[in-house]
Amino acid sequence: MARRPHPHVAIPPGAAPPTNPSPTSPWSSYLLQSSTHDPSTSSIYTDSGYSGYSGYTPSQISPLAPRISLDAPSRPASRASSYTEQEAGRIRFPEPQLYRSSSQRASLRPGPSLAHRATRSELTFAPTELSEELSGLTLESEEDLRRFQAGELPENDQEWYKLVPPSAREVLDKGEVTRQSILFEIIKSERDYVNDLTLVFIEPLLNTSPVPHHRLQGFVKEVFYNLDEIREQHERMLGALFQKQREFHPLIDSVAEIVMKHVLQFMSPYEDYIKHYPIAGARHRAEMKRNSRYQYFTQQCMHDPRVRKRDLITFLSRPVTRLPRLCLLLDNAKEHTAPDHPDQETLPIILEILKTFVKSTQPGIAAAEDKVKFWELCESLSYQKGEILDLDLYDEKRTLVYSGPLGRRWNEKMSQLEVPTYRWIDLHVALLDNYLLLLKPENRPGGVTKRSVVSRPIPLEYLRLGSFSDPPEKRKEQVDDGALFHFRSNYRDVWPFTIYHAYEKSRRRYTLFANSETVRERWRCALTDALAVRNAQQESNMTWAASGGKSFLVVGCASGVYAGLRSEFDYTKVLHLSNPTSMVALPELNKLLILSDHYLYAYSLDLVARATAGQSTTEALETTRQVVAGHDGSVLFFRAGKIGNRNMIMYASKRILQVFFYAIEIVSTGDGPISPRRSISNSHSGAPSNYRPFGEPIPIPKDSHDFTALHTRIGVCHDRGITIVDPTNPSASGTNPAVIPKFGGADSSPPLYALKSRCQDAKPLGLVRCLNEEILVVYDEVGCYIDKHGVPSRSAGYLRWEAKASAFAHRGDHILLFSPEFIEVRTVQTGKLVQVVDFPDVRLAYQGLLPTDRTVLVACRGRSERGVVIDKIVELVETSEITTPRASAVSIPGLWDEWDM
């Protein structure tokens, strides 16, 4: 028979391993290690039908495990059961046959006396020969090794020196004994680690469902994440270590190659898990706070002796602490390895890889911990009732930059003496990457902390920093000495700093107090950095941006109408109209509409461009003038554009005692000769033939100031609200006009009454169509949603703008709100603040009638020349996300010809 590798073992015919007499513990249902079994065997786990978590499917669960009951506690067994069966689909570690007769034992070769501890210089055996000599010392040590790997050996006996006879230890010097003990500890710690990764609570959790079923799958995935993937990697490494131990025990030359091979394989799973670990722990703690069934479940699981009264957090943290622990063991092994041993080259490489990897995961852990703090903050927020506030907290990029306690001095006046008094309040201030929150903590029953939003959150686009160098002030505090009445006071220094809102500089100005100058400096650095990052993000991810171009631009001012190329500053006077108030260009109809001196004129747009280029004269352009409206009264304002398939002009005309709404449809007459000029005097009979009335005049409120076009109806904005008119049904619009929003029943509904109060003090600007048949009513300071009947929706909630708007434009999914210094870009559906454009003295110069007309022109203050301030006009265009196209393998001829390559 061929000689087998060491250990030197001969197996007698008919030898078989003994059976395991240990009984199964009734607590094994809590922490089950799956075993192979017949799929047809009845199992309590086959009724759950759960397969959402990879690595823990019902087919892998032991058929002998009883179901955990969450209704009544059970009694734990007196000792742990012995369990050596492997889970189906996992690597099975081969067990050597170590049972032999005494006549078959091998004997030691002649060597140094065992009564004398030999030094390394006295040893004459080669490593292989020494291993063969040690392998035949005793059968008992080999049987103990089998029991150690199976987890059957008592804890006190799981040491290398206890698995090797004293006579064998005398052969080795002290340094080698220490090294072998460390290598044994590496294998032992790896075995315990794999057992802990297997002894998690996933299987009983899936079957007892202490977490509601609709949240169970997501909960298991969030808490245990990719733990099964890490376990599989370490099971393979443990199998290789066990095989090495069986072959070379008690003298193992090295485990470095095995560790190196598997370390390179499990880096990626570890990186994912370690960075996710703070989130997993927070998810578990949050469930423990709110779910009593889950609390009872974890208490039951801790009764299993194999758990050793450790909680679930301890098991979840095992992958986080395993690699540093492995680094420590390998470092100790390196210190006790001979200088000429090959491990002196391999172990430093492994240690460098592990230490670099552990260090590289620290930022990920810190980021996850910050994310957990951010989630805890979000869960504790308590908003004021009524206001719809979308802080965009669920964006994946949202982060908590800095937070901490700050004081604020509150100014009060006593009701009798009207003397200003001050009191101190403690705030929790949170700086997000998009908002600054001033919160007041409040402890509630059950250990729950709520943070009330005491002041409207300040967007970082509007946040400005004041002084951070003021001297400290004294804060008076009462001394709690246990007496019924407190007469003693204590004074301590607090360091002030000031922040304020850019639009409301005086009304929303906050002076906050830090407990030390160091804390104040930290706040200054955090605020400065956050503002710089936010500004950079806004500039590189602008939803709306200013744009130029080569198209013509027509500008009206007190001295006349000028036109020129947008990219140039040379304008030509094309019309001698005085005080034009508004203009609209209709390129499809070749018309330029101008409202001047309460008359609405139409000019040829083609001749305007020719006059600008010097190819025509002003007199030729004047001959194309048509009086569209004004002969029947003074035109107050007008809007024009395409509604459906019709090109419409809507205007309000004032007569003696009433204001009327008119609608005119523009009829295209085709390309033909330009009609002669029509004077005001001969236009009293009506508008030109290509402008025909649409519907009948409708009386509207005298304070009307703007129109909003809906699908078939028109919204007329006035101080009391928005009146809906239908030009095709003037009788209904005139006798009983509908005014929205409708506040019927506001006296019996506090939210509706609060909304009515806010809307009554605001100026309506227009309507915006939303999804789900909703309409957003835009006011100068607030906004609210109504249904198709005009009744406020969303529990009568309201939106508040950061700055008072004078005009707005609706384009796509966004509304643009214009105030004297800022342009707010918000989403239509939730009112979320997307972007803030900072322009000095900005005004809305032009917008189309409908959102389909994408043109939005704004005028703002430009440069100053010779004491005269020159305005500039820019167009706001919606940007699109920049995507990197996939590179094509096809070579494009001439693509790089202009480059000297």
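**View 1. F315 is a buried residue of helix 11.** With a relative accessibility of 1%, F315 counts as buried (buried is under 20% relative accessible area, exposed over 50%, partly exposed in between, with a 1.4 Å probe and protein chains only). Helix 11, residues 312-316, contains F315 (helices are DSSP runs of H or I of at least four residues, strands are E runs of at least two, numbered from the N terminus). F224 is 91 residues from F315 in sequence, and their C-alpha atoms are 9.9 Å apart. The model is predicted: local features need pLDDT of at least 70 and side-chain atom pairs count only at pLDDT 80 or more, while totals for chains, interfaces and linings use all residues. Residues are numbered from 1 along each chain as its sequence is written, and side-chain values use heavy atoms, with hydrogens and water left out.

**View 2. The largest nonpolar core has 68 residues.** A nonpolar core is a set of buried Ala, Val, Leu, Ile, Met, Phe, Trp, Tyr and Cys residues joined through side-chain atoms within 4.5 Å. The members that touch the most others are L205, F224, Y270, L316, L330, I350 and L354. Helix 4 (residues 174-198) gives the most to this core, nine residues. Another core, of 22 residues, lies apart from it and includes F638, A640, I649 and Y691.

**View 3. Contacts of Y270.** Not counting residues up to four places away in sequence, Y270 touches Y193, I230, H234, P319, R322, L323 and F357 (contact means heavy atoms within 4.5 Å).

**View 4. F822 is a buried residue of strand 34.** Strand 34 covers residues 822-827 and includes F822. At a relative accessibility of 2%, F822 is counted as buried. Neighbours within four places in sequence aside, F822 is in contact with Y462, R464, A502, Y503, L817, V836, V837, D838, F839 and V842. R843 lies 21 residues from F822 in sequence and 9.5 Å from it in space, C-alpha to C-alpha.

**View 5. The largest cavity has a volume of about 80 Å³.** A cavity is a set of points on a 1 Å grid over the protein atoms alone where a 1.4 Å probe fits but cannot get out; lining residues have an atom within 4 Å of a point. The volume is the space filled by probe spheres set on the points. The lining consists of E387, I388, L389, D390, Y435, R456, L799, R800, E802, R826 and G831. By class, four of these are nonpolar, one is polar and six are charged (Asp, Glu, Lys and Arg count as charged; Gly is among the polar residues). The structure holds seven cavities of 30 Å³ or more.

Definitions and conventions:
On a 1 Å grid over the protein atoms alone, a cavity is a set of points where a 1.4 Å probe fits but cannot get out, and a pocket is an open set with protein on both sides within 12 Å along at least five of seven lines; lining residues have an atom within 4 Å of a point.
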